[in-house]
Protein chains: 2
Amino acid sequence: MKLREIVARNLRRLRHAKNLSQEELADRAGINRNYVGMLEREENAATVDMLEKLAEVLEADPIAFFEPSDTPHPQA
Amino acid sequence: MKLREIVARNLRRLRHAKNLSQEELADRAGINRNYVGMLEREENAATVDMLEKLAEVLEADPIAFFEPSDTPHPQA
């Protein structure tokens, strides 16, 4: 699995765990509203700075974005 | 510690473990020669795609870039 895909899945999982929409998460992280969707669709490669901001809002360790997932078909 | 700094330290540590110069690592990863130095000096925020390439050359799990370090003053 490509690293972008791993990050996308973990981002979606962590966002759902906080019951946030993509737009809500983006607003709280102070980043562009389209950016979260682009990361979750693997259209963009997240930077370390962006992951740091997202992790802070999601109250997660940035390492959590890189943990391999066992779920083959996560829901969008 | 900022995430950029954690990534910079781990990149340098993993590169030294492989006895590679910044230029050698960049060449093997197929990325710009200046890029590795910029990451290690925290002048640039690495993207997930770049970390994936670097991890492959360094034979490391990408998670290794995000592990907190206990060494306060790593050597350049």
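**How chain A and chain B meet**

Across the interface of chain B and chain A, the rule finds 4 salt bridges. The structure is a predicted model, and the two chains bury about 1,500 Å² between them, with 69% of that area on carbon and sulfur atoms. Chain B contributes 16 residues to the contact, while chain A contributes 17 residues.

**Charged and polar pairs**

- One of the salt bridges found by the rule across this interface joins A:Arg4 to B:Asp49, where the closest N and O atoms lie 2.5 Å apart.
- The rule also finds 8 residue pairs in polar contact across the interface of chain B and chain A, with both residues of each pair at pLDDT 80 or more.

**The side of chain B that touches chain A**

- Helix 1 (3-17) and helix 4 (48-57) of chain B each supply at least two residues of the side that touches chain A.
- Helix 4 of chain B gives the most to this side, with 4 residues.
- By residue class, the side of chain B that touches chain A comprises 10 nonpolar residues, 1 polar residue and 5 charged residues.

**Symmetry of the pair**

- Chain B is superposed on chain A by a rotation of 180 degrees with 0.0 Å of shift along its axis, at an RMSD of 0.0 Å, and that is the relation of a two-fold axis.
- B:Thr47 comes closest to the rotation axis of the residues of chain B, its C-alpha being at 2.1 Å.
- The copies meet through the same surface, because 100% of the interface residues of chain B are also interface residues in chain A.

How values were computed. Residues are numbered from 1 along each chain as its sequence is written. Chains are lettered from A and ligands numbered from 1 in the order in which they are written. This is a predicted model: local features need pLDDT of at least 70, side-chain atom pairs count only at pLDDT 80 or more; totals for chains, interfaces and linings use all residues. Side-chain values use heavy atoms; hydrogens and water are left out. Contact means heavy atoms within 4.5 Å. Buried area is the accessible area (1.4 Å probe) that two parts lose on being put together, summed over both. A salt bridge is a side-chain nitrogen of Lys or Arg within 4 Å of a carboxyl oxygen of Asp or Glu. A polar contact is a pair of N or O atoms within 3.5 Å; within protein, one must be able to donate a hydrogen and the other to accept it, and residues adjacent in sequence count only if both atoms are side-chain atoms. Ala, Val, Leu, Ile, Met, Phe, Trp, Tyr, Cys and Pro count as nonpolar, Asp, Glu, Lys and Arg as charged, and the others, Gly among them, as polar. Copies are superposed by least squares on the C-alpha atoms of residues with pLDDT of at least 70 in both.
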